[in-house]
Amino acid sequence: MMKAYKMEALKRAVLIVLMSAMVLTPSSLRAAQNAGQAAAKGTTPPAQAVDKVNDDDTDQAQKQEEAKQRERERQEREQERQERERERADRLYEKGTRALDKRQYEDAAKLFDELIQKGGDRVEGAHYWKAYAEYKQGQFKEALATYESFVKGFPQSRWMNDARQLAVEIQQAEGRPVKPEDQADEELQLMALNGLVHADPERAWPLLQKLLESSRPLKIKEQALFVLSQSGSDKAREVLANFARGEANPDLQLKSLEYLALFGGKDSRQTLEEVYNSSDDKKIKRSILGFFMIGGGRDRLLAAAKGEKDADLRGEAIGQLGMLGARDELFEMYQAESEVKLKRKILDALFVGGAADKMIDLAQNEKDPQLRRSAMEKMGLMGSAKTGDALVKMYADGKDKAIRK
């Protein structure tokens, strides 16, 4: 009986030891080890020794946490410093661009130079604008030196294309024409050609012709046509006219027509009319109607609005007349027109042209109730005192409930 009791007590003691081991911390484990070693030697470690181990662990953890906190604070201070630097650079950059807007080029050059000295995210743009400001002051050597510094320091910059074009302009302004054929970059070649067209057009024409007949991308050829349109010479107009008639690259026909419209002059307008009358391409004809409007070709638009067989193109011509303010011509057409769809187009054009008097007349006298209602709605949208007073009077005098409503 006594033996069984001792066995039971021993089991409980072992269970307690196992449960205690499950919740031991490193420090308490070391204390337990020390206690075990002391027990093996027949001694018991003092309580102060155990407490010292615990205090050392606490101090070490606290020091580590303090070190982490100091590092976090250092990083935050560095981020704040960088943010302040960026804000200062942004303000300096904006101040420089405002000086450029005011044509205060000397001040702008100094501001961008200061920004270059500071470095940072804005330094590449600062190089470009400093060179530009120096160029505008006639300081061509200084501008080219700034450009060379930029190319050397930032060969992969997104500003590089703009900077190269600026360098071409500077060299041309300095009296050193850049040879187009020596330029590998197509954009730079076109810039050089633009300068050559004004300085030596006889030499420029063959180069432009060669470029237009080459296998270069369409965008480059369109830009070459634009260079031609800027010269204002009869030779340039003749080349544009050939493309406009579709005698050369058909992809360039629309652009040639557009540049002829911008070119202006009797001959250019005559070419546009010839192409319109001879073309079967609806897209081409629609575009030319828009170019007639740009050039103020009221008579040509009126002829198309009256005589064009295609209803869509007639409607387009009517709309362009409205944008030109051809109120009397449109009102006359409205009286003679029988097709409701086109009469609606003319109403829209009169509205665009601000023809308040004509709209009031139609709102009062149009027999077709739908067209009359449309005229009244447009009167309301015009928002003038004249149309407002007319609507009030029409309401007061009206007997038709639907119209009054």
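## Arg103 and its loop

In this predicted model, Arg103 is exposed, its relative accessible area of 65% lying above the 50% cut-off. Arg103 belongs to the loop that connects α3 (47–101) with α4 (105–118). Although Arg103 is not a glycine, its phi is positive, at about 65 degrees.

## Overall composition

The protein chain contains 22 helices and zero strands. Of its 405 residues, 33% count as buried. The accessible surface of the chain amounts to about 25,300 Å², and carbon and sulfur atoms account for 49% of that surface.

Contacts between residues at least 6 apart in sequence were also examined: 50% of them join residues at least 24 apart.

## Helix α14: span and ends

Helix α14 covers residues 282–294, a run of 13 residues. At 1.5 Å a residue the helix should span 18 Å, and the 19 Å between its end C-alpha atoms agrees with this expectation.

The N-terminal end of α14 is capped by Asp281, which places a side-chain oxygen 2.9 Å from the backbone nitrogen of Lys283. Just after the helix, Gly296 adopts a positive phi of about 70 degrees.

The buried residues of α14 are Ile284, Lys285, Ile288, Leu289, Gly290, Phe291 and Phe292. An α-helix has 3.6 residues a turn, so residues three or four places apart point the same way.

The partners of these buried residues are helical elements: α12 (253–263) and α13 (266–278), together with α15 (298–307) and α16 (311–323).

Note on methods: Residues are numbered from 1 along each chain as its sequence is written. This is a predicted model: local features need pLDDT of at least 70, side-chain atom pairs count only at pLDDT 80 or more; totals for chains, interfaces and linings use all residues. Side-chain values use heavy atoms; hydrogens and water are left out. Helices (H or I, at least four residues) and strands (E, at least two) are DSSP runs, numbered from the N terminus. Buried means under 20% relative accessible area, exposed over 50%, partly exposed in between (1.4 Å probe, protein chains only). Contact means heavy atoms within 4.5 Å. Accessible areas come from the Shrake-Rupley method with a 1.4 Å probe; for residues, only the protein chains shown count as cover. The expected span of a helix is 1.5 Å times one less than its number of residues. A polar contact is a pair of N or O atoms within 3.5 Å; within protein, one must be able to donate a hydrogen and the other to accept it, and residues adjacent in sequence count only if both atoms are side-chain atoms.
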